[in-house]
Amino acid sequence: MKIEQKIDAAVAPLREKIRELELSFTQKYPPVKFLSEKDRKRILITGGAGFVGSHLTDKLMMDGHEVTVVDNFFTGRKRNVEHWIGHENFELINHDVVEPLYIEVDQIYHLASPASPPNYMYNPIKTLKTNTIGTLNMLGLAKRVGARLLLASTSEVYGDPEVHPQNEDYWGHVNPIGPRACYDEGKRVAETMCYAYMKQEGVEVRVARIFNTFGSRMHMNDGRVVSNFILQALQGEPLTVFLFLPSDLVNGLVSLMNNNISSPVNLGNPEEHTILEFAQLIKSLVVSRSHIQFLPEAQDDPQRRRPDIRKAKMLLGWEPVVPLEEGLNKTIQYFSRELEHQANNQYVPKPKAARMKKGRPRHN
């Protein structure tokens, strides 16, 4: 490693600390409600700097609670929550839930896990550890401090379902050794752990089975929607997708956490759209010249998944309310800003001659 790179590596943490201090002095925070001591909760969000976690952080902060975000930044980004840095009710901890965490909290939203196929397939062992050991650690924490834990589970526990729509009593159709199994089975084991701790140790648990969600703060290469563009007209049946926004999801998660429902609850949008309709809608909103291309089907990718949300409607009074087109427009605007940000912050390497020293080249 060159001396300049070593200096940069050593100074980077100091720069980050200075930036945080600057933010704490200059930051104008979103409006936050005042809650009395008895109503204000200490809330931990694992994976709180991620796509859904950061939106949940916003809601709980604006509702007046004390929020601690834990993230190892594998898929989460500090910029998703940096607008809260310095606020007296907010704390950000760089920590991997695979390692134990000792903290005093009243509620735990356990969202930590890569959730898109490219991310969870990139390191399947890490995905398994996060969903098993990480969940075990969070359940242990909940037991020690008497906190209630909400597990962000997934519709992937249903695998490639043979029943439509899927209600919470359906056991699923999952390949335990397929490429998606690290996530699918990891979440299934996480659910098993939750109910074992509930039955044996009396831990209060809530389990949300989350269906496809999209919106601002998603990685542009997330892959969740793109990976569903797989069914060709060869089979004569269109692939369907059921999408909803993080604002709807966050409201469902908070409602579930604060209700007395310990069994799993589906959170998703039962409104049906074909992938082709969805692609054409995006194309029209972006006003793009791109053509729609059908790709070969990925192994074990579900060909159809539709949530039955009668339980959430009846017991939580919850259902998605944001129209699809409105959500897509917001997401498109966010991605446009991200592309502009990337274009304005591209690294321009020095000419090769300026980077080379005399003598034999070194390989670090």
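This is a predicted model: local features need pLDDT of at least 70, side-chain atom pairs count only at pLDDT 80 or more; totals for chains, interfaces and linings use all residues.

Biologist: In what order do the strands of the open sheet stand?

Modeller: Strands of a sheet pair through backbone hydrogen bonds, either parallel or antiparallel. Here 7 strands form an open sheet with parallel pairing, in the order 3-2-1-4-5-6-8. Strand 3 (90-94) and strand 8 are the edge strands, each pairing on one side only. On average, neighbouring strands are turned by 20° against each other, direction ignored.

Biologist: Which helices lie across strand 5?

Modeller: Helix 4 (residues 124-145) lies across strand 5 as well as strands 1, 4 and 6, and runs at about 175° to strand 4. Helix 5 (residues 181-201) lies across strand 5 and strand 6, at about 155° to strand 5.

Biologist: Which residues touch the most other members of the largest nonpolar core?

Modeller: In soluble globular proteins, nonpolar side chains tend to be buried together. The largest core in this model has 33 residues, and Leu56, Leu60, Tyr109, Leu253 and Leu267 touch the most other members. Helix 6 gives the largest share, 6 residues. Tyr109 stands opposite Leu150 in strand 5, and the residues that Tyr109 touches include Leu56, Leu60 and Leu253.

Biologist: At what angle do helix 2 and helix 6 pack?

Modeller: Helix 2 and helix 6 pack at about 65°, their axes 9 Å apart, in a right-handed crossing.

How values were computed: Residues are numbered from 1 along each chain as its sequence is written. Side-chain values use heavy atoms; hydrogens and water are left out. A nonpolar core is a set of buried Ala, Val, Leu, Ile, Met, Phe, Trp, Tyr and Cys residues joined through side-chain atoms within 4.5 Å. Buried means under 20% relative accessible area, exposed over 50%, partly exposed in between (1.4 Å probe, protein chains only). Helices (H or I, at least four residues) and strands (E, at least two) are DSSP runs, numbered from the N terminus. Contact means heavy atoms within 4.5 Å. Axes are lines fitted to C-alpha atoms, for helices over the stretch in contact, and angles run from 0 to 180 degrees between N-to-C directions. A crossing is left-handed if the near helix is turned anticlockwise from the far one by less than a right angle, and right-handed if clockwise. Two strands pair if DSSP finds at least two bridges between them. Lists of a residue's contacts leave out its neighbours within four places in sequence.
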